[in-house]
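Subject: Structure for you to look at

Dear colleague,

Here is the structure I promised to pass on, together with its sequence. Please have it open while you read, as my notes follow below.

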Amino acid sequence: MSIHSAVLVFEAGCDPSLSLSWLRVLAPELVRLRVLVWASVRSGWWTQARWVQASTRLAEGAQSLQGVAVDICEDVDGDIVVELDEAALDESLDAVAADLLVWGPLTRDGG
């Protein structure tokens, strides 16, 4: 079975390079990739200067998302989410009719 579409979920501030390497091996015929960058609430950004920290986490996620687009496939899009829940996953999986869901990296302590 060929994998033509996938969703990659990783945490803002983490480097998705290893996950992308595995994705290239598992899905060399990948056509569509949807990326969810999780700006984790568990990371604690909400406990200190809430809006400054939120802005920083979202900016990290946006930078990470831009880096993902290089050399993986032609059709890459994504979103930054604060709550990584079933609805967010379902929406992303449906958006690309995903054949594969890739997790990581996520920090060990959730932040």
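A helix, as the word is used here, is a DSSP run of type H or I with at least four residues, and helices are numbered from the N terminus. Ser19 lies in helix H1 in this sense. Please keep in mind throughout that this is a predicted model.

To begin with the overall plan, the protein chain has three helices and four strands, and along the sequence these follow the pattern β-α-β-α-β-α-β. Of its 111 residues, 38% count as buried, and the chain exposes about 6,400 Å², of which carbon and sulfur atoms supply 54%. Among the contacts with a separation of 6 or more, 84% come from residues 24 or more positions apart.

The four strands form an open sheet with parallel pairing, in the order S3-S2-S1-S4. Strand S3 (75-81) and strand S4 (100-103) are the edge strands, each of which pairs on one side only, and from one strand to the next the twist averages 15°. Strand S1 (residues 5-11) runs parallel to S4 and is joined to it by four bridges, with Val9 standing opposite Trp103 in S4. Helix H1 packs on this sheet, where it touches S1, strand S2 (32-38) and S4, and its direction makes about 155° with that of S4. Helix H3 (residues 86-96) also packs on the sheet, touching S1, S2, S3 and S4, and its direction makes about 165° with that of S2.

Leaving aside neighbours within four places in sequence, Leu100 is in contact with Ile3, Ser5, Ala6, Val7 and Leu23.

Is Ser19 buried or exposed? Ser19 counts as buried because its relative accessibility is 13%, and buried means under 20%. Not counting residues up to four places away in sequence, Ser19 touches Leu8, Val102, Trp103, Gly104 and Pro105. Trp22, by contrast, counts as exposed because its relative accessibility is 53%, where the cut-off for exposed is over 50%. Together with Leu18, Val25 and Leu26, Trp22 makes a nonpolar surface patch of about 480 Å².

Two details of the backbone deserve a look of their own. Most residues other than glycine have a negative phi, and most peptide bonds are trans. Ala97, however, has a positive phi of about 50° although it is not a glycine; Ala97 is found in the loop between H3 and S4, and it counts as exposed because its relative accessibility is 56%. The other detail is a cis peptide bond that joins Gly104 and Pro105, with omega at about 5°. Pro105 lies in the segment after S4, and both Gly104 and Pro105 are among the residues that Ser19 touches.

Technical notes:
Residues are numbered from 1 along each chain as its sequence is written. This is a predicted model: local features need pLDDT of at least 70, side-chain atom pairs count only at pLDDT 80 or more; totals for chains, interfaces and linings use all residues. Side-chain values use heavy atoms; hydrogens and water are left out. Patches are made of residues with over 30% relative accessible area and no salt bridge: like charges are joined within 9 Å, nonpolar side chains (Val, Leu, Ile, Met, Phe, Trp, Tyr) within 5 Å. Accessible areas come from the Shrake-Rupley method with a 1.4 Å probe; for residues, only the protein chains shown count as cover. A salt bridge is a side-chain nitrogen of Lys or Arg within 4 Å of a carboxyl oxygen of Asp or Glu. Buried means under 20% relative accessible area, exposed over 50%, partly exposed in between (1.4 Å probe, protein chains only). Two strands pair if DSSP finds at least two bridges between them. Helices (H or I, at least four residues) and strands (E, at least two) are DSSP runs, numbered from the N terminus. Axes are lines fitted to C-alpha atoms, for helices over the stretch in contact, and angles run from 0 to 180 degrees between N-to-C directions. Contact means heavy atoms within 4.5 Å.
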